[in-house]
Amino acid sequence: MDMEEPFPLRYDKNAQNYKIEGEVVQKSSMAKKEYKNVVRSRLALQDGFVSLLNEGVPVHKITVSLLCARSGVNRGTFYNHYKEVIDLASEIEQDYLEEVEKAFRDIGILNHDARVKLFRRVNDIIDVKRRAAVAVAKCMPYSFKNDLQNKIEAVNRKHLSLAAVDKNMPPEILGELMIVASGIATAYGALILDKSPLTKEQIATSAVALLDRFDSKFKEN
């Protein structure tokens, strides 16, 4: 019989904090050891889930017991983080998109140098996350591909729109910019799922070049 964790610790992604027996505990007030254990166990479960999928185990055959055995954690730890196994797929997808959005937010996209740095960061994130993304795509190929592409496009649109507002870009040019955002998202979506004829470097170079063109259009207006 599996031993339960010493207390039920659950992560609230919306609130960005942890709850122990219903009480909210901010990261800053949590003992470092306990916080590291939370992170370690979630990463172990994600890695175990990805490994099983990459070995060809169908998602419907990945039980909590099998996943925990592969991940080296107990069932109590699993249920502190997730309700069911498929929740891991959504978390992996969301973690990737949060990192991409953070890159847009931290670096910006207002000038050439920022764009070069931004897409280098995006490519670095893809290198780290591709194994997980491809694995998750195996268990829900159509919904994952569509969700991933739509969310990447939404991130692009959101931050490119903010950049356009900062530059007071005319509405007709903003419309063209949104089409470019959609194309960049499509290219990266295919790349992540190993379906692209382009390399990540080629996509990044093209993305920067396309966005640079809008600087001259803006000046013309």
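This is a predicted model: local features need pLDDT of at least 70, side-chain atom pairs count only at pLDDT 80 or more; totals for chains, interfaces and linings use all residues.
The largest nonpolar core has 38 residues, while a search of the whole structure finds three cavities of 30 Å³ or more.

**Aromatic rings**

- The count of aromatic pairs in the model comes to three.
- The rings of Phe78 and Tyr79 have centres 5.0 Å apart and planes at 90°, and because planes over 60 degrees apart count as edge-to-face, this pair is placed in that class.
- Phe78 also forms a pair with Tyr82, and here the arrangement is tilted, with 5.6 Å from centre to centre and 45° between the planes.
- Phe78 has a relative accessible area of 0% and is therefore buried, whereas Tyr79, with a relative accessible area of 35%, is partly exposed.
- Tyr82, the partner of Phe78 in the tilted pair, is buried, as is Phe78.

**Helix α4**

- Helix α4 covers residues 87–107, which makes 21 residues, and the distance from its first C-alpha to its last is 30 Å, close to the 30 Å expected at 1.5 Å a residue.
- After α4 comes Gly108, which has a positive phi, near 85°.

**The largest nonpolar core**

- In soluble globular proteins, nonpolar side chains tend to be buried together.
- Of the 38 residues in the largest nonpolar core of this model, those that touch the most other members are Tyr96, Leu118, Phe119, Leu177, Tyr188 and Leu211.
- At least two residues of this core come from each of α4, α5 (112–139), α6, α7 (171–192) and α8.
- The helix α7 provides the largest share of the core, with eleven residues.

**The largest cavity**

- The largest cavity has a volume of about 90 Å³.
- Its lining has nine nonpolar residues, three charged residues and no polar ones.
- Among the lining residues are Ile109, Leu110, Leu160, Met169 and Phe214, together with the charged residues Arg115, Lys167 and Asp215.
- Both α6 (141–166) and α8 (200–220) supply at least two residues of this lining.

Terms used. Residues are numbered from 1 along each chain as its sequence is written. Side-chain values use heavy atoms; hydrogens and water are left out. On a 1 Å grid over the protein atoms alone, a cavity is a set of points where a 1.4 Å probe fits but cannot get out, and a pocket is an open set with protein on both sides within 12 Å along at least five of seven lines; lining residues have an atom within 4 Å of a point. Grid points are joined across faces, edges and corners, and a volume is the space filled by probe spheres set on the points. Helices (H or I, at least four residues) and strands (E, at least two) are DSSP runs, numbered from the N terminus. Rings of Phe, Tyr and Trp (its six-membered ring) pair if their centres lie within 6.5 Å; planes under 30 degrees apart count as stacked, over 60 as edge-to-face and the rest as tilted. Buried means under 20% relative accessible area, exposed over 50%, partly exposed in between (1.4 Å probe, protein chains only). The expected span of a helix is 1.5 Å times one less than its number of residues. A nonpolar core is a set of buried Ala, Val, Leu, Ile, Met, Phe, Trp, Tyr and Cys residues joined through side-chain atoms within 4.5 Å.
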